[in-house]
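Keep the view open as you read.

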Amino acid sequence: MTEALAEPVVPVRRGWMAWLFAANLGLWLAVYAPIQVLLPQQAELLDKANKELVFGIVTGVGALVSLLVVPLIGFLSDRTTSRFGRRHPWTLAGAVVGAIGLGVLANAPSVFVMTVGWCLVQAGIGGMLAALTSAVPDRVPVVQRAQVGGLIGISQMLGTVLGAVVVTLLVSGLPAGYLACAAIVLVGALFFVLRTPDTQLITKPVKPTFWISPREHPDFAWAWGGHLMINLGNAFGTLYLLYFLGDVVHHPSPEDGLLVLMALYGVALAAGAVLFGARSDRSGRRKPYVYLASFVMALAALLLVIWPTWVSALVAAPLLGVGFGTYWAVAIALLTQVLPAASDRAKDLGVLNVANALPQVIAPLLTALILANLGGYRGLFATSALATALAAVLMSRVRSVV
């Protein structure tokens, strides 16, 4: 077994974790600043009467691209024998493609060009995500993975919050917002590639396949299903939040309201990730924290079902944050512990990451049906709670992880 395929036993240092955190921060900022603020604004600018439909089409098609790209780039990086390493070339290439897509969005004159730009972003960021996620099982021992997973969760939260800050307070206008996101994702990727080592694969693994048999690897299948449901629940709860604040809550400034909610969400997410990630590593237990996270996230959604007001949103945001932070801390550890083969880590994580992207494809379509036929936003948040609760049920079927 080559060094690249060996199970890591040496704890990673704080410097390595810091650069991984920075790269992930840039990645998530480049995703969530557009999703939360820039794309909804651009959809309304290009077609105000059909803004929800335009936003849903753009994000749905982009997520479909990500769904296909992430496992493909994972597959290719598993078999990359470059002297620069097998992950770093894909991290940097993904950031470059994503930045180009953000540049296209900056001056998109039509919905078609907007869709093309977002597809480029999702392709590039998806490839970067495949490479960065595989760095965890490549280099981090099992006993340290919830801690690192917590940092990744915090980077996702900060990317969401800082993205909103950058595009609403630090820069003005759609072009400047998109270009700022492009610069940040490039800088984060470049520093990670230049400052951290990457193992070199000497020979390519044999018998490559994208199919992972649920019968042969049931824990992988159950974990995939649980991961899908919790991400679907999160998508239902957050994807149309800006429109919820404007159309239901009637907030005088939905963008400012979103920024407040993201700040509360972010602080709570960081607290949940740090606190429960460390506890999970010390105890070696993962599933009890998944159950806790699912319960808290479902409770946050139910609050908005019962009481769809600004005050309720102020309570739900930190609940959702602490739940999602707890989940992401332990999910990285749990998901990497059910991977079928060391030789296919990135590809298999790419298959798991389909559970991240697939909700972005189907959630806009399902959301339109729910809003029209199942009680509007109350029905949407109720569906979010149901999906999140189902995630805990599916994760309970995983047998090899306690």
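The axes of α7 (218-238) and α11 (310-336) come within 12 Å and cross at roughly 155°. Axes here are lines fitted to C-alpha atoms, for helices over the stretch in contact, and angles run from 0 to 180 degrees between N-to-C directions. Helices are DSSP runs (H or I, at least four residues), numbered from the N terminus. α7 and α11 are therefore roughly antiparallel to each other. That label is for angles over 145 degrees; under 35 counts as roughly parallel, 65 to 115 as roughly perpendicular and the rest as oblique. α7 passes α11 in a left-handed crossing. A crossing is left-handed if the near helix is turned anticlockwise from the far one by less than a right angle, and right-handed if clockwise.

The model is predicted: local features need pLDDT of at least 70, side-chain atom pairs count only at pLDDT 80 or more, and totals for chains, interfaces and linings use all residues. Residues are numbered from 1 along each chain as its sequence is written, and side-chain values use heavy atoms, with hydrogens and water left out.

Which residues of α7 and α11 make the contact? From α7 come Ala223, His227, Ile230, Asn231, Asn234 and Thr238. From α11 come Leu320, Phe324, Tyr327, Trp328, Leu334 and Leu335. Contact means heavy atoms within 4.5 Å. These residues divide into eight nonpolar, four polar and no charged. Ala, Val, Leu, Ile, Met, Phe, Trp, Tyr, Cys and Pro count as nonpolar, Asp, Glu, Lys and Arg as charged, and the others, Gly among them, as polar.

α7 also meets α12 (345-373). Their axes come within 8 Å and cross at roughly 40°. That makes α7 oblique to α12. The crossing of α7 past α12 is right-handed. Their contact holds 16 nonpolar residues, five polar and one charged.

α12 has another partner, α2 (51-78). The axes of α2 and α12 come within 8 Å and cross at roughly 175°. α2 and α12 are therefore roughly antiparallel to each other. Their contact divides into 13 nonpolar, nine polar and three charged residues.

Now turn to the spaces. On a 1 Å grid over the protein atoms alone, a cavity is a set of points where a 1.4 Å probe fits but cannot get out, and a pocket is an open set with protein on both sides within 12 Å along at least five of seven lines; lining residues have an atom within 4 Å of a point. There are five cavities of 30 Å³ or more. The lining of the largest cavity has 13 nonpolar, eleven polar and no charged residues.

The second largest cavity has a volume of about 200 Å³. Of its 19 lining residues, Gly237, Thr238, Leu304, Ala316 and Leu320 are the closest to its centre. Thr238 and Leu320 also belong to the contact of α7 with α11.

The largest pocket has a volume of about 300 Å³. Its lining counts 14 residues, with Pro8, Val10, Val12, Asp138 and Arg139 nearest its centre. Here eight are nonpolar, one is polar and five are charged.

Notes. Points joined across faces, edges and corners; volume = space filled by probe spheres on them. Helix = DSSP H or I, 4+ residues; strand = E, 2+ residues; numbered from the N terminus.
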